[in-house]
Amino acid sequence: MSIDYTQRIPNNVDLASDRRLQRALENWQPRFLDWWRDMGPDGTSNFDVYLRTAISAEANGWANFGYVKMPEYRWGIFLAGQDPNRTIAYGDNKGKPVWQEVPGELRSTLRRLIVTQGDTEPASVEQQRLLGKTAPSLYDLRNVFQINCEEGRHLWAMVYLLHAYFGRDGREEAEMLLERHSGDPDKPRILGAFNEKTPDWLSFFMFTYFTDRDGKYQLASLAESGFDPLSRSCRFMLIEEAHHMFVGESGVQRIIQRTVDLMNEHKTDDVRAFGAIDLATMQKYLNFHFSVSLDLFGQEASTNAANYYTMGVKGRYLETRIGDDHVLTNDTFEIDTVEDGRIVRKAVPALAALNERLRNDYVEDCAKGLLKWNKVIADAGIAFELKLPHRAFNRRIGAFSELNVSPDGKVMSEADWKANVSKWLPTDEDRAYVISLMGKAVIEPGKFANWIAPPQIGINRQPANFEYVRFN
Ligand code: BYC
């Protein structure tokens, strides 16, 4: 379906034919803009930013780049194309047509999942609110703004579902999505990682690498939902998510590049003396962001996850490509868990292990970026390897939260943990050092802060000195 781009809310859901829904969303829009002004990127309303705007769900709907003032960004509602023959691929409803409306008995479950997903989107914008002040280049400044706008669009995607399919409850939930705030002691965001701070660009790149990747896996599971509008929303969101993870992966890689260049130039590991981030500190940030993101997958053994699957509301990663019965009632799955204070491997019913299975897929994917990062280090002739910590390290959710576990998987006493944790997680001093590098934003086109290498290629193939942001 083509989109009337002159509408207030660009969409491919034929909003114009549903006056009640259109009015509800038009009522919510000013409150969203108030939230963007108060909680979104600070002091940026007059900037012209070279942004990509989604203008259709077709393949070429992506190539639409141009200068936009962010409050005027067209936060649209786009669903991926509908497959009229799509059936539910798993669980008790396997083989039945997908639902175009919310089945009554699944209403609260679906609403809860949509709210949890929706809550993360504005949360991340709040977390990144001040990053623009210390951007290492115009290229990076544009990227954080692009991500913020797209997270805003992902919020719109969930709010559309709440308004269109969940009546008054949905409208109330949509209001609440703007009232909870990241790190707010009274009304925090729902999931732990979204209440952490993102005070510096190393944290931002680690967040977009590790935490946005949780987004990829959760969205992919929800894309398998029997509730077709949710599935189609998530399919479209996944395309945007890919750019966010690229920003994280390439951002970390560029910091490493700069660090190893300085190590070789000055024949030292101590690049702090030269205003860069040493590899040991990068490992600590990696440990933190990986472990906090692992928590986002929930408990290793979860009846919630089993119920979502059996009911057909949330599937596995790439469900239809898995070669089993897609019902799983007779299957088992091996997970690591805790017994008598030790980490043990145990077979549990496959349905209960779905969170852990998704976490496995995620961990495997995370490891790929580390191969690239380590190649930069190896190519520089430096004997150092970044590693993913053990999955039981530094956990707050699930069985491992009761243990103290080192990055290489050793269970230890509380006293030993306390004596060693400063080697494994960023200390206050590490954080203060990284923050101290975040000087005033570098806004001269083609220039970069000292602690990061330039990217290999510009956005939309623009030259290195392209003016990605105009300040007016
Ligand atoms: N923090 O049975 P369990 C993204 C609660 S990121 C706090 O394991 P379940 C993005 C849980 O609610 C992707 N509480 O739960 C990235 C439950 O509470 P009740 C976001 C937690 O339901 C970057 C209890 O513990 N999307 O898109 O299987 C930038 C028992 O746990 C946490 C989604 O998450 C936690 N981490 O699993 C922007 C998808 N974990 O029932 C965006 C939607 C668990 O006892 N959400 N609990 O009151 C879900 O699928 C599920 O809610 C979860 C939790 C996988 C998160």
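User: By class, what does the lining of the second largest cavity have?

Analyst: This is a predicted model, where local features need pLDDT of at least 70, side-chain atom pairs count only at pLDDT 80 or more, and totals for chains, interfaces and linings use all residues. Residues are numbered from 1 along each chain as its sequence is written, and side-chain values use heavy atoms, with hydrogens and water left out. A cavity here is a set of points on a 1 Å grid over the protein atoms alone where a 1.4 Å probe fits but cannot get out, and lining residues have an atom within 4 Å of a point. Counting Ala, Val, Leu, Ile, Met, Phe, Trp, Tyr, Cys and Pro as nonpolar, Asp, Glu, Lys and Arg as charged, and the others, Gly among them, as polar, the lining comes out as four nonpolar, four polar and two charged residues.

User: Which helix supplies the largest share of that lining?

Analyst: Among the lining residues are Phe207, Thr211, Phe288, His289 and Val292. Helix H5 (201–222) and helix H7 (279–294) each supply at least two residues; helices are DSSP runs (H or I, at least four residues) numbered from the N terminus. The largest share, three residues, comes from H7.

User: And which element gives the most to the lining of the largest cavity?

Analyst: That cavity is lined by 13 residues, with Lys314, Gly315, Leu354, Asn355 and Leu358 nearest its centre. Helix H8 (303–311) and helix H9 (354–379) are the elements giving two or more residues. With five residues, the top contributor is H9.

How values were computed. 1 Å grid on protein atoms, 1.4 Å probe; cavity = no way out; pocket = protein on both sides within 12 Å on 5 of 7 lines; lining within 4 Å.
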